[in-house]
There are 6 protein chains.
Amino acid sequence: MTDAPTETRLERGRRLLNQIDGEGGERVVAALADLAPDFANYLLEFPFGDIYARPGLDLRSREIATIAALAAMGNARPQLQVHIAAGLNVGLSETEIIEILMQMAVYAGFPAALNGLFAAQEVFRSHAA
Amino acid sequence: MTDAPTETRLERGRRLLNQIDGEGGERVVAALADLAPDFANYLLEFPFGDIYARPGLDLRSREIATIAALAAMGNARPQLQVHIAAGLNVGLSETEIIEILMQMAVYAGFPAALNGLFAAQEVFRSHAA
Amino acid sequence: MTDAPTETRLERGRRLLNQIDGEGGERVVAALADLAPDFANYLLEFPFGDIYARPGLDLRSREIATIAALAAMGNARPQLQVHIAAGLNVGLSETEIIEILMQMAVYAGFPAALNGLFAAQEVFRSHAA
Amino acid sequence: MTDAPTETRLERGRRLLNQIDGEGGERVVAALADLAPDFANYLLEFPFGDIYARPGLDLRSREIATIAALAAMGNARPQLQVHIAAGLNVGLSETEIIEILMQMAVYAGFPAALNGLFAAQEVFRSHAA
Amino acid sequence: MTDAPTETRLERGRRLLNQIDGEGGERVVAALADLAPDFANYLLEFPFGDIYARPGLDLRSREIATIAALAAMGNARPQLQVHIAAGLNVGLSETEIIEILMQMAVYAGFPAALNGLFAAQEVFRSHAA
Amino acid sequence: MTDAPTETRLERGRRLLNQIDGEGGERVVAALADLAPDFANYLLEFPFGDIYARPGLDLRSREIATIAALAAMGNARPQLQVHIAAGLNVGLSETEIIEILMQMAVYAGFPAALNGLFAAQEVFRSHAA
């Protein structure tokens, strides 16, 4: 993976966090500032600076994977909502996000799909507002 | 969703199972024949005849979602392997599948990613054989 | 399984959802109406029209299985509460439901059992009201 | 709960383990003898001496709950198989066990149901042998 | 394990619950009083009277294990908070607890670590108050 | 955190992987060499170069946390075994590891504890050999 010569992992991570998660991601980083500032850096560096920055899979596909995983696990509603918004940011339509969540009924059960759908509904409403 | 006029959910499911999961899916259906034949039908009808047949999300995207979910849950290795093969069938490259699995380290931890990667390695080898 | 000749899967599902989940189930279906109306149909058709409608296991036993599974998974409190109410609807006593939830301490740990018991307490109180 | 006057929790647990899990349970206890003998006692005392010994829910219902929970969690195949055999021991039919496992597709996804069904098939075959 | 001659499992459990979980534990036991009083006893007897009372691992180490497990499972926030407070009670520093939770990003993913950290923040604030 | 001036994250990670996981960790890194070499680097850099290298929690405590988390999650047996060996490497006794695993019965259920104990037994035997 090639970096802009002067961009550190942290800078690249911050750039990608902004591009992908937008405000929702910024809020998480800010919330960590007093509590665990090193963890805010790790969050920027590894998931965003390392993983999302990789070529080999486009951001739209990456958000499909993240939304599916978080909905299937069913125990990370705040992060699911950040990534539903991120999905919209990188070009997924509301319909596509609903399809992903419905499909999770097959692999993680109807409750996981329902809870994912209702989480998405909140995100869609606040985006429309 | 529009059906071919004479295609039942079961027929549509069987067609899609063949297209997506190929041999791996057929083996699962066959294995259920004596034990729980109605469940073989449900498997064809709901996941394949209903969900994968839906417009609104292409099969490549659907397999990204399934691979991510199964790798993140980490308790369904046989199904993960069927869907890694299915991902190859519907146009994902090995590189893209590896990217999806690596990304799961962020959401479900490094063990989930590692176990997913090693499961993929087995599938890739048997496909190459 | 034999259907009444004119009853579709959807109709049978709606009938069983009413019988089992009552108001709680109706609310879920209504909440999906704008967001994902096809998913409301799938929810009626597969879980209720297909699975709960099957002979071979009585509804009381089916609700024992559902309450146990949802309490053990520990990530689907709304659905657990719908099915605790459903358990009462199909003939489980409060005592029996408490026994099921206590038993989950053995298989999913004390936190899962505790969270299940407190979820049940809310349902019992609103039923008694 | 009243005990036979001279029966300790450990004795009652051993009696119930024998009655419910039979040989499969005995093997687990024996396997712990050198490694963690106190844990063998806890296993007899709390799950069997305390929980399964309670009035308020019959053993058939208790095994429905356990089979459902273990199949839904999907990460405890050896224990699921011990309790599928236990279900047969306390009066569940193979058909009823298959119904419970199929139902788990609704709450924990098709992979959990499939893996539960194939685990049951092995138990049924060795019982028939 | 040697008991004070006149201390029952229940008494020992109550003593250890007080020492470890303090007020948070007492509240859970009190909340069970009407709903499932036998379960309150089991909670005192098995986790506290049996497990935490064992020699062979100090309480500080035991709380590290519990905080890590509950954060990794990610579906038991009330119990995680009780045990973060318990960790402080038995001598873990806030810094050490933050380190444990950050480390969970490796094994259970960043969402589990983040949700654990935010749960800890609430506990730290109410302790400081 | 201060590094030795010439030690990169990767070098520090490799050093700590060797110190903590020993041979078991090396085998994982080697197995990734052809499949996903970047992921081998991430594994060295983030968990080992970043997290385990941090001051603020000693390695013995870190391994308690990891063993507890992996046993509780119950879906990562290979990694649990690597970290049981790692626990021995950083100074945990077999008895202490057994205590951690037994304690997981309280938080993740008896099956998780049992499967953890049997996984440990295999590691202890191969260490003794």
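Predicted model: local features only at pLDDT ≥ 70, side-chain atom pairs only at ≥ 80, totals over all residues.
A word on bookkeeping: residues are numbered from 1 along each chain as its sequence is written, and chains are lettered from A, and ligands numbered from 1, in the order in which they are written. Local features need pLDDT of at least 70, side-chain atom pairs count only at pLDDT 80 or more, and totals for chains, interfaces and linings use all residues, while side-chain values use heavy atoms, leaving out hydrogens and water.

Let's start with charge. Side chains of opposite charge can pair when their charged atoms come close. Here, a salt bridge is a side-chain nitrogen of Lys or Arg within 4 Å of a carboxyl oxygen of Asp or Glu. Searching the whole structure turns up 60 of them over all chains.

Take chain A to begin with. Glu7(A) and Arg15(A) pair up in a salt bridge, 2.6 Å from N to O. Glu7(A) counts as buried at 16% relative accessibility, whereas Arg15(A) is partly exposed at 43%. (Buried means under 20% relative accessible area, exposed over 50%, and partly exposed in between, using a 1.4 Å probe and protein chains only.) In chain B, Arg15(B) and Glu7(B) also form a salt bridge, 2.6 Å from N to O. Arg15(B) is partly exposed at 42%, and Glu7(B) is buried at 15%.

Now look at chain E. Glu7(E) sits in the segment before α1 (9-20); helices here are DSSP runs of H or I with at least four residues, strands are runs of E with at least two, and both are numbered from the N terminus. Glu7(E) is buried, with a relative accessible area of 15%. Its side chain makes a polar contact of 2.6 Å with that of Arg15(E). (A polar contact is a pair of N or O atoms within 3.5 Å; within protein, one must be able to donate a hydrogen and the other to accept it, and residues adjacent in sequence count only if both atoms are side-chain atoms.)

Some salt bridges cross between chains. Arg60(E) pairs with Asp58(F), with the closest N and O atoms 3.8 Å apart. Arg60(E) lies in helix α4 (residues 59-73) of chain E and Asp58(F) in the loop between α3 (37-52) and α4 (59-73) of chain F, so this pair joins two chains. There is also a network of salt bridges linking Asp38(A), Glu99(E), Arg54(F) and Arg62(F).

On to chains A and B. Each gives 33 residues to the contact, where contact means heavy atoms within 4.5 Å. Together the two chains bury about 2,700 Å², 68% of it on carbon and sulfur atoms; buried area is the accessible area (1.4 Å probe) that two parts lose on being put together, summed over both. On the chain A side, Glu99(A), Gln103(A) and Tyr107(A) lose the most area to chain B, together 24% of what that side buries. Between the two chains there are 6 salt bridges, and Glu99(B) with Arg54(A) form a salt bridge at 2.8 Å, N to O. The elements giving two or more residues to the chain A side are α3 (37-52), α4 (59-73) and α6 (94-108).

How do the two copies relate? Chain A can be laid on chain B with an RMSD of 0.0 Å by a turn of 180° and a shift of 0.0 Å along the axis, superposing by least squares on C-alpha atoms of residues with pLDDT of at least 70 in both. The copies are thus related as by a two-fold rotation axis.
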